[in-house]
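The sequence and structure come first.

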Amino acid sequence: MRYCFIYMSVLLLIGVVACGDEDVLTPEIDTITDCFAPDPNATDEESVLRREFYTTEKSYLLFNDTLRHEEFGIDYNGDMQYKTELLDIGYTLGSGMVGGSIDYKYGYLQSIEDKKAAVTFLKEYVLPHLSASLKPFSWFVPASISYMSGNTMVTSVAVAGQRSVVIAVGSDITSKTDVQKKSLASSIFASYLGNQFINNETALEEFYAVCDGLHGKNFSREDNPTQSEEINMKHQYEAGFVTQHYIRFGSLEIRTVGIYPTKDEDITSFTEFIFTYTMEEIEAKFADYPKVIKRARMLSDLIVDLGYIY
């Protein structure tokens, strides 16, 4: 037994020495340090456009969700293998898991003219209203954003993630009028900034408190015996809401009578509301509903605190 122990010790020592003589193993180095940037040597119009955008705006610019598609090596069948990385809008740093719960699909802008028009739209109608705190690491600008909700395809104008904000400018961006572009920008702000608040109930505590805890609750049928939608909305306005509760089946929305909206419905509708009307218009239109005016002012101030520039 003693000799066996000595023999094994010698073998172990030889193995350690042999390993010491070999080259130190080093991890594979990723030569692409920033897959959000275009190839620095590329001279095509799109790459030039993206580089110029980063120089002036300090945010990267993407026109598709493929961050990289590189040759990785040849497999045992002689076929080339590729390393492909797609933009995952649900990616969260340090989460231990990559991927969101929604599988977004994008319709890409096709021509360089459309891409240039999209950049002009972004610079003239969107960026001037965003302080540095609201400008993302990158902008991804497709023509459309869609995803499945149940068995229904739903569209969106903006989706925000940790590494990128996606805005859909439409396939007709080159022919949109000034009024249409302003309307599109308002929809983007409502979606983008509304989502900034949805999971931050603490910031909205006083805003929600104006409604006296009525979110999602019923009000008496006696208050609206004919189930009139006009009377229903009058009750909503009196309570400080600007929408009613909806029952949703995919993209189908059924309006309800006698139920106050949920908090998510409230903040989503109110964010869109203050981007649709000026404060002067709200004060005139809702002069008989002081809670609506009070909440509009509160949310407007909160959005400015968030970094929006009117």
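Leaving out residues up to four places away in sequence, S146 touches D103, Y104, K105, M153, V154 and T155, where contact means heavy atoms within 4.5 Å. S146 belongs to strand β6 (residues 144-149); helices (H or I, at least four residues) and strands (E, at least two) are DSSP runs, numbered from the N terminus. With a relative accessible area of 14%, S146 is buried; buried means under 20% relative accessible area, exposed over 50%, and partly exposed in between (1.4 Å probe, protein chains only).

The model is predicted, so local features need pLDDT of at least 70 and side-chain atom pairs count only at pLDDT 80 or more, while totals for chains, interfaces and linings use all residues. Residues are numbered from 1 along each chain as its sequence is written, and side-chain values use heavy atoms, with hydrogens and water left out.

Q236 lies in helix α6 (residues 229-239). Neighbours within four places in sequence aside, Q236 is in contact with F219, F241, T243, Q244, I259, Y260 and P261.

**Helix packing**

Two helix pairs are compared below. Axes are lines fitted to C-alpha atoms, for helices over the stretch in contact, and angles run from 0 to 180 degrees between N-to-C directions.

| Helix pair | Axis separation | Angle |
|---|---|---|
| α7 and α9 | 10 Å | about 85 degrees |
| α2 and α3 | within 10 Å | roughly 10 degrees |

Helices α7 and α9 are therefore roughly perpendicular to each other. Angles under 35 degrees count as roughly parallel, over 145 as roughly antiparallel, 65 to 115 as roughly perpendicular and the rest as oblique. Helix α7 contributes D266, I267, F270, T271, F273, I274 and F275 to the contact, and α9 contributes V292, R295, A296, L299, S300 and I303. These residues comprise 9 nonpolar, 2 polar and 2 charged; Ala, Val, Leu, Ile, Met, Phe, Trp, Tyr, Cys and Pro count as nonpolar, Asp, Glu, Lys and Arg as charged, and the others, Gly among them, as polar.

Helices α2 and α3 are therefore roughly parallel to each other. Their contact involves E45, E46, L49, F53, T56 and E57 of α2 together with I112, K115, K116, V119, L122 and K123 of α3. The division here is 5 nonpolar, 1 polar and 6 charged.

Within helix α2 (residues 45-57) sits E46. Apart from residues up to four places away in sequence, E46 touches F63, I112 and K115. The side chains of E46 and K115 are joined by a polar contact of 2.5 Å; such a contact is a pair of N or O atoms within 3.5 Å, and within protein one must be able to donate a hydrogen and the other to accept it, with residues adjacent in sequence counting only if both atoms are side-chain atoms.

**Aromatic pairs**

The whole structure contains 21 aromatic pairs. Rings of Phe, Tyr and Trp (its six-membered ring) pair if their centres lie within 6.5 Å; planes under 30 degrees apart count as stacked, over 60 as edge-to-face and the rest as tilted. F36 and F137 form an edge-to-face pair, 5.0 Å centre to centre with 85 degrees between the planes. F36 is buried, with a relative accessible area of 4%, whereas F137 is partly exposed at 40%. F273 and F286 are also edge-to-face, at 5.3 Å centre to centre and 80 degrees between the planes. Both F273 and F286 are buried.
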